Amino acid sequence: MIAKPMNWSKLLGDLREEAGLTQDELAKIAKMPQRTIAEYESVKLSRQLSIYKVEIILAAMGYEIDVFLRDK
């Protein structure tokens, strides 16, 4: 059975909201522009997600990327 691809944009937004952070607060913790967070959370934008930046954003919220990459 083929696994359904992960929607990183939705996941990042959901995790940020679960953490009780605004995009601006997360951007400050992750040391990147708020616009980057907004673009990564927007499924409508065609900007490619950089796995390196996704890892930084997840780490800023206390997550390790390998948790999300493991096969379930």
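**View 1. Packing of the buried face of α3 in the predicted model.** The buried residues of α3 pack against α1, α2 and α4. In this predicted model, the α3 residues that are buried are T36, I37, E39, Y40 and E41.

**View 2. Contact of α1 with α3.** From α1, the residues S9, L12, G13 and R16 take part, and they meet I37, Y40 and E41 of α3. By residue class, this contact of α1 with α3 comprises 3 nonpolar, 2 polar and 2 charged residues. I37, Y40 and E41 also belong to the buried set of α3.

**View 3. Crossing of the α1 and α3 axes.** The two helix axes approach to within 7 Å, with a crossing angle of roughly 120°.

**View 4. Surroundings of I57.** When neighbours within four places in sequence are set aside, I57 is in contact with L12, L26, M32, I37 and Y40. Among these partners, L12 is also a residue of α1 that meets α3, and I37 and Y40 are buried residues of α3.

**View 5. The largest nonpolar core.** This core contains 17 residues, and the members that touch the most others are W8, V54, I57, L58 and M61. Two or more residues are contributed by each of α1 (8-18), α2 (23-30), α3 (34-41), α4 (51-60) and α5 (65-69). The largest share, 4 residues, is supplied by α1.

Technical notes:
Residues are numbered from 1 along each chain as its sequence is written. This is a predicted model: local features need pLDDT of at least 70, side-chain atom pairs count only at pLDDT 80 or more; totals for chains, interfaces and linings use all residues. Side-chain values use heavy atoms; hydrogens and water are left out. A nonpolar core is a set of buried Ala, Val, Leu, Ile, Met, Phe, Trp, Tyr and Cys residues joined through side-chain atoms within 4.5 Å. Buried means under 20% relative accessible area, exposed over 50%, partly exposed in between (1.4 Å probe, protein chains only). Contact means heavy atoms within 4.5 Å. Axes are lines fitted to C-alpha atoms, for helices over the stretch in contact, and angles run from 0 to 180 degrees between N-to-C directions. Ala, Val, Leu, Ile, Met, Phe, Trp, Tyr, Cys and Pro count as nonpolar, Asp, Glu, Lys and Arg as charged, and the others, Gly among them, as polar.
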